[in-house]
Structures are given as C-alpha cells and as structure tokens.
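Subject: Structure for your review

Dear colleague,

Please find below the structure I mentioned, followed by an account of what was found in it. I would be glad if you could read the two side by side.

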Amino acid sequence: MSERNSTSTKSQLGIAAIGVSLCAACGVAWLGGGGDSTSPSMSFAPTQSTATSSDDGKVTAQSAGGYSAQYAIIVKFENEPVTQEIGKTFRKDPEGTRQRFREWAADKPALQGLSLERASYSGELVLTGSGARSIDDVIRDILAMDNVAYAEPDYIAEPSKEG
C-alpha cells in the first residue's frame, strides 16, 4: 500500500470518527432531554408523559418536564380555528401558545382548571389537570361541548407486573 493511500485512508477514518462522535452526542442529547426538571429542556425530543395508576384508582401523569398532574387528556376539536392555530404554533412558542389557550378557554366551563401540556400540528391538544373533578367528569364535560371530535385519557401502556 502506498504512503498516499495510507494517508488518505487515515483522513477518511478521522472524518468518519468525527461524524460518529457528533451523531452519538446528538443522540444522547435527544434521548436525555436536557438538564434538570427546573430548567427548560434544550432537546429536540418530544415531550413524553407517563401515567401510573395507584390502588385507589387515581391516575397520575408525569411529564418529561418534571411536573405532575392528576390526569392528562387528549382532545381534538372540530372546526375550531384557535385550536388549529395552537397546534401550528406550539413548537415555535410553547409559552405564548399556552397563554393563547388560557385566553381561549377562559369562558369555557368544561376547560376550567386544565392546562395545555402540548399540541400537535393536527390541532390535537394534550390537557392536564387536577383538583376536584375526576378525569371521567372532565372528559364528560369536554365531550358535551359542541365542537369536540374526541376526548380520551392519555395513558401509556406498560407491561404487566404479573410476568
């Protein structure tokens, strides 16, 4: 093997090693989701929630952001321009979009006490809440609204502990 080919191969291997290192660093950042639960995440990873059920039947949702809610509900509104706008702007401006949701929901009794956790481009909203109303009551109240396509609990399936 000539010296020129050897140098070329070493250069290519060095570039490949840098590429692999960058990919690994991005993957770790994506999976890790950023720093502690009190500071905003600088990750591109989607927000994830887990739901657990206690012996008394209460469902607790734990978001990747670190805060707890008694429940999380996925809601899709039909022919509602505000929720479509919320879905399209949430990733660019989460806090501004949450404020827009609060303003829109202020005069809707079924949405009282609920917070916007995240929204999809299709206008699907994940709302979290806690308090005096049970998840069943909240879903029933939301479904009674005129423009709701669906409202359902945001559960995460987990394997059985029985083996």
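A polar contact here is a pair of N or O atoms within 3.5 Å, where within protein one atom must be able to donate a hydrogen and the other to accept it, and where residues adjacent in sequence count only if both atoms are side-chain atoms. The side chain of Lys 108 makes such a contact with the side chain of Asp 107, at 3.1 Å. Lys 108 lies in the loop between helix 3 and strand 5 (helices are DSSP runs of H or I with at least four residues, strands are runs of E with at least two, and both are numbered from the N terminus). Lys 108 is buried, with a relative accessible area of 18%, where buried means under 20% relative accessible area, computed with a 1.4 Å probe on protein chains only.

Please keep in mind that this is a predicted model, in which local features need pLDDT of at least 70 and side-chain atom pairs count only at pLDDT 80 or more, while totals for chains, interfaces and linings use all residues. Residues are numbered from 1 along each chain as its sequence is written, and side-chain values use heavy atoms, with hydrogens and water left out.

Turning to the helices, helix 3 has twelve residues and reaches 16 Å from its first C-alpha to its last, close to the 16 Å expected (1.5 Å times one less than its number of residues). Its buried residues are Thr 97, Arg 98, Phe 101, Trp 104 and Ala 105. They cover an arc of only 125° around the axis, which puts them on the same side of helix 3; the arc is taken over the directions from the helix axis to the C-beta atoms. The cover over these residues includes strand 4, helix 2, strand 5 and strand 6, with contact meaning heavy atoms within 4.5 Å.

Phe 101 also belongs to the largest nonpolar core, which has 24 residues and in which Phe 101, Leu 111 and Ile 142 touch the most other members. Such a core is a set of buried Ala, Val, Leu, Ile, Met, Phe, Trp, Tyr and Cys residues joined through side-chain atoms within 4.5 Å. Leaving aside neighbours within four places in sequence, Phe 101 is in contact with residues including Ile 86, Leu 111 and Ser 115.

Finally, Ser 115 has Thr 128 in strand 6 as its bridge partner, and five bridges join the antiparallel strands 5 and 6 (pairing requires at least two DSSP bridges).

Best regards

Conventions
Buried < 20%, exposed > 50% of the residue type's maximum accessible area, 1.4 Å probe, protein only.
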